[in-house]
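Let's take a walk through this one together. Have a look at the chain below, and then we'll go through it piece by piece.

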Amino acid sequence: MALKENKSLSAIWHFLKLADRLHSGYIPLAIMSAAAGSITPFLSIITTRYLINELTGAKRMEQLILYISILVVGNAVMGVVNSIIWKKLQMSGEKLADGFELHVGNHIMHMDFEKLEDAKILDKKEKALYNIRLHDALLGGPKTMVDIVQLIFTLIGVIGIIVILSPALVAALLLLTLVNAFLYKQIQVVKFRFYQDIAVYNRQFMYFQGLTQDFKNAKDVRIYKMSEYILSRIHQYYHSVNKIFHKMFLQQRRHDGFLAINIQAQTLAAYAFAAWSVLHGALRIGDFAMYLSAANQFSSTAMQLMTKLVDLQMLGNVLQDYIAFEQLPNVGSGGGRTSADVHSAEIEFRNVWFRYPNTEAYALKDISLTIKNGEKLSIVGRNGSGKTTFIKLLCRLYQPEKGCILFNGVDINEFEETEYSKLLSVIFQDYKIFSFSVRENLAYNEIADENRIRASLEQAGILRKIEELPLDIDTPLYKNFDKNGVELSGGEMQKIAIARTLYKNAPLVVLDEPTASLDPYSEYEVYSRLNRMTDRKTTIYISHRLSSCRFCDVIAVFDNGELVEYGGHEQLVGNGKLYAEMWQAQARYYQ
């Protein structure tokens, strides 16, 4: 138990340091808010005592005016101070929350790619972030710590007032408060277990939400009459989630009932003791009001303190999930080698084996081949033969289980990750065009060379279309940020992706299904153009369709993760094996 609590406190400390690093002004403001908040209750408690005693005693008008003035002006001033600090704290909290979102986004974008395709890791990510956002953990950690400090100061003050009347009353109230804290902790344990159970379902919910709200799904849903099936799956999801909710509410309701009874017992004890003291002449009416207010403040403050301590422990448990996700080990950014002097590209796969996480079968088996500088290689094969896996390994998105990959005789892991990425221009089969302008999609955060942008668009066969758009190359794509954004066809978007690859001008060009959205005749035209554009560059083509093979120096045929054929087009056709079979099936398109 102690070890668990230590881990919880360690997690809280981690987030306090993170909050201070992301926005250094938040914690000082939170401390100021706590200090101002701890002063406010005593102003009313103490001033009310003197006011009531004066009303039931001498009734001096100047004293009454003084006490009322102190009460009104003091509360007004403290109200303004608290309001100003609170507003600043809220603004600071927004900045901190924004900083955290950037921090999380940066962490995810720099995670090993293989983790982003691992369902177990995705569930761990969803569990960590769902709980953090649900509990407002980033702001909640510092705020709860500051609240605890404020409550301790307040509690010391009210104990000092009550103990003058009766130390026994303080002990009785404290005992009842401890019982309340225990009951509250049981409620929080129930909630924590609930949130642990529900977090896994959240990824499903996000998928269903996207499925029903994304217009891109509309055609498939209508044509294949999927609406009823999708709704039935959503109904199953809600049924599963509601069972978890029902279980939690039953357990929570029992603890809530005991908690409500105990709170009433605290109030009854305070009122009974104070009334008995007045009836026996131990207290004046003003003292009665002050001590009763102090007793109520004690009960309230002690309960809040206990619940805050429980909240802090529960929060620490929640934060541990995030810290475990944040500390997932990455392969690393590689060695310190740069790409500054690299202008050629010879690639060697040397006895490479690879299988995806949580799978038994190898996606690639003992692959060895060399692509010479300036050579054009076409990789072909049936679906699932290992073609795209080959490219993922070359791009360092995954690491081989056995063997190594060399770039100009150097293990690719010796390059610093960012430097290595400069050596490759890649179009993946599931490429993404972003909701930025055409210019930004090609150049991103670099200083754009407009002449090179236009030349790349021209080479990709899309410049004329772009120049017809309202803002030329500064026209935004899609409508996420600009209602005047344009939606181009799939083939046009693919040509922009090709232009982006050409603009990068890296020594190694990889084209993974670059013409999947084009018909065979347009595909042949694009490949002819690409062949001219990538002249003297090392180029790798991957395609189910074989039009690229006629432009390539060598062809690698993959089947079931193995390299089964390797050679030139005429040689492989003459062998009469898998490549010849695939070529004959498609040859009518390329006659």
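Before we get to how helices pack, a word on geometry: axes are lines fitted to C-alpha atoms, for helices over the stretch in contact, and angles run from 0 to 180 degrees between N-to-C directions. Helices (H or I, at least four residues) and strands (E, at least two) are DSSP runs, numbered from the N terminus. Keep in mind that this is a predicted model, where local features need pLDDT of at least 70 and side-chain atom pairs count only at pLDDT 80 or more, while totals for chains, interfaces and linings use all residues. Residues are numbered from 1 along each chain as its sequence is written, and side-chain values use heavy atoms, with hydrogens and water left out.

First, the overall picture. The protein has 19 helices and 10 strands. Of its 591 residues, 45% are buried, where buried means under 20% relative accessible area, exposed over 50%, and partly exposed in between (1.4 Å probe, protein chains only). Looking at contacts (heavy atoms within 4.5 Å), those between residues 24 or more positions apart account for 76% of the ones with a separation of 6 or more.

Now to that helix pair. The axes of α14 and α16 come within 8 Å of each other and cross at roughly 130°. That makes α14 oblique to α16; the scheme calls angles under 35 degrees roughly parallel, over 145 roughly antiparallel, 65 to 115 roughly perpendicular and the rest oblique. The crossing of α14 past α16 is right-handed, a label given when the near helix is turned clockwise from the far one by less than a right angle, with anticlockwise being left-handed. Who does the touching? From α14 come Arg452, Ile453, Ser456, Leu457 and Gln459, and they meet Ala499, Leu502, Tyr503 and Lys504 in α16. Those contact residues split into 5 nonpolar, 2 polar and 2 charged, counting Ala, Val, Leu, Ile, Met, Phe, Trp, Tyr, Cys and Pro as nonpolar, Asp, Glu, Lys and Arg as charged, and the others, Gly among them, as polar.

While we're on α16, check out Thr501, which sits in that helix and is buried, at 6% relative accessible area. Skipping neighbours within four places in sequence, Thr501 is in contact with Ser425, Val426, Ile427, Val509 and Leu511.

Next, the charges. Side chains of opposite charge can pair when their charged atoms come close. The structure holds 11 salt bridges, each being a side-chain nitrogen of Lys or Arg within 4 Å of a carboxyl oxygen of Asp or Glu. Back in α14 (residues 450–459), Glu450 and Arg454 lie 4 residues apart, about one turn of the helix, and their side chains meet in a salt bridge at 3.1 Å, N to O. Glu450 is partly exposed at 33% relative accessibility, whereas Arg454 counts as buried at 19%.

Another bridge joins Asp474 to Arg439, with the closest N and O atoms 2.7 Å apart. Asp474 is in the loop between α15 (463–467) and α16 (490–504) and Arg439 is in helix α13 (residues 438–443), so this pair ties together parts that are 35 residues apart in sequence. Asp474 itself is partly exposed, at 36%. Zoom out and you'll find a network of salt bridges linking Arg439, Glu450, Arg454, Glu467, Asp472 and Asp474.

A further salt bridge is made by the side chains of Glu401 and Arg355, at 3.0 Å, N to O. Because Glu401 is in the loop between α11 (387–394) and β4 (402–407) and Arg355 in the loop between β1 (347–354) and β2 (364–371), the pair ties together parts that are 46 residues apart in sequence. Glu401 is partly exposed, with 38% relative accessible area, and Arg355 is partly exposed as well, at 28%.

Let's end in the loops. Ser385, in the loop between β3 (376–381) and α11, is buried at 1% relative accessibility. Leaving out residues up to four places away in sequence, Ser385 touches Ala363, Phe558, Asp559, Asn560, Gly561 and Glu562. Asn560 lies in the loop between β9 (554–559) and β10 (562–567), and its phi is near 55°, a positive value in a residue other than glycine. Most residues other than glycine have a negative phi. Tyr478 also has a positive phi, near 65°; Tyr478 is found in the loop between α15 and α16 and is buried, at 17%.
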